[in-house]
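Subject: Structure handover

Hi,

Here is the structure we talked about. Please open it alongside this note; my findings follow below.

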Amino acid sequence: MKALVLETYNHFEFKDVEQPVPAADEVLVKVAAVGICGSDVHGMDGSTGRRQPPVIMGHEASGEIVALGSAVTDWFLGDRVTFDSTIYKLDDWFTRRGMYNLSDNRVVLGVSCDDYRRHGAFAEYVVVPKHILYRLPEQLSYTQAAMAEPVAVALHAVSLGQPRIHDSAVVVGAGMIGLFVIQLLKVAGCNSIIAIDRDDNKLQLAAKLGATHCFQSTSPELEEAILDLTDGRGADQAYEAVGISETVQRAIGSVRKGGTVTLLGNLAAEIDFPLQLVVTRQIKVQGSCAICGEYPAVLELIASGKVNVDALISAEAPLAEGAAWFKRLYQQEEGLVKVILKP
């Protein structure tokens, strides 16, 4: 089969590789659409240590089942599917308690690190275990379904935050995940949704997708504006989708006493943390890791139009042109949000 292989850091080859064969509990999926994730873009230069060459990346995908493992009885050839990005053990201590995203032995598709290598979906075919599969609603296209993974990441965070109807919320970082968080907060009934970013184009998109107020992160009036919009208290919730000291501090500083801050971003391994502010204002700070069962809800939200994924798709292109699109994303070309590749 053909695949887009990261042969060395910052160098891809579109080449012939051996087609994978499904194990007993796996299926072979013919990939119809696969999205380039920001983690892939950050990983291709070696900075994260989680895309060690050679590796076929790609974990945001959809397609059609074309072969079944010998133990697969509840899926059929021709089923239109998407799948979780996480492969987890069903008998893991955390999985049994409904937290498979924290499984000790979890493996992420398209990731190659010190502990494991699992080729992903930047290829004509990919094998996945049957228990991470999800059927697509009839009205959902393969391209839209390839967007389910980042929506599920955002929904997991919002589910942890537990926003109430009429809550105020701040979203720091209006990239892909932040824009989905904004849409989901709107679905949840939040009254004021305040988007913060340094990019005016992203803020314009945030406003289109549900943010009630948008601010440049460098605005000197930002702190005062948030207080004005929240009756002088600060927001009930904040979601941080970048992962550096400055943005985490911004998120913590934007919430009221007793507020909740949910951290999704993790660009930096360590940050400066405003401990006294958190303690003396009794702020709840929590991390949100990946996905944990949100796919069925996400697929329905996209199919019903309550979450708009089409507005975030910048381009669709052949997989053979993937290297060029990676370069454009790596260079942060203006206007590019999400690129979908098609084998």
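A term first: two strands pair if DSSP finds at least two bridges between them. Strands (E, at least two residues) and helices (H or I, at least four) are DSSP runs, numbered from the N terminus.

This is a predicted model: local features need pLDDT of at least 70, side-chain atom pairs count only at pLDDT 80 or more, and totals for chains, interfaces and linings use all residues. Numbering starts from 1 along each chain as its sequence is written, and side-chain values use heavy atoms, with hydrogens and water left out.

Overall shape

The protein has 11 helices and 19 strands. Its C-alpha trace spans about 60 × 40 × 40 Å along the principal axes. The radius of gyration is 20 Å, which agrees with the value near 20 Å for a compact globule of 343 residues. That radius is taken over C-alpha atoms, and the globule rule is 2.2 Å times the number of residues to the power 0.38.

Six strands form an open sheet in the order 14-13-12-15-16-17, with parallel pairing. Strand 14 (213-216) and strand 17 (284-287) are the edges; each pairs on one side only. Neighbouring strands are turned by 15° against each other on average, direction ignored. Axes here are lines fitted to C-alpha atoms, for helices over the stretch in contact, and angles run from 0 to 180 degrees between N-to-C directions.

Strand 12 (residues 168-172) runs parallel to strand 15 (residues 235-240), and four bridges join them. Val171 stands opposite Tyr239 in strand 15.

Two helices to look at here. Helix 7 (residues 222-229) lies across strand 12, strand 13 (192-197) and strand 14, at about 165° to strand 14. Helix 8 (residues 245-254) packs on the sheet and touches strand 12, strand 13, strand 15, strand 16 (255-263) and strand 17. The direction of helix 8 makes about 145° with that of strand 16. Contact means heavy atoms within 4.5 Å.

Antiparallel pairs

Strand 5 (residues 80-83) takes part in two of these. Three bridges join strand 4 to strand 5, running antiparallel. There, Glu64 stands opposite Arg80. Three bridges also join strand 5 to strand 11 (residues 133-135), again antiparallel. Phe83 has Leu133 of strand 11 as its bridge partner.

Backbone points

The peptide bond from Pro53 to Pro54 is cis, with omega near -10°. Pro54 lies in the loop between helix 1 (38-43) and strand 4 (60-68). Asp231 has a positive phi, near 55°, and is not a glycine. Asp231 sits in the loop between helix 7 and strand 15.

A pocket

The second largest pocket has a volume of about 220 Å³. (A pocket is an open set of points on a 1 Å grid over the protein atoms alone where a 1.4 Å probe fits, with protein on both sides within 12 Å along at least five of seven lines; lining residues have an atom within 4 Å of a point. Points are joined across faces, edges and corners, and a volume is the space filled by probe spheres set on them.) Its lining includes Met1, Glu18, Arg118 and His119. Strand 10 (residues 125-129) gives the most, with three residues.

Best wishes
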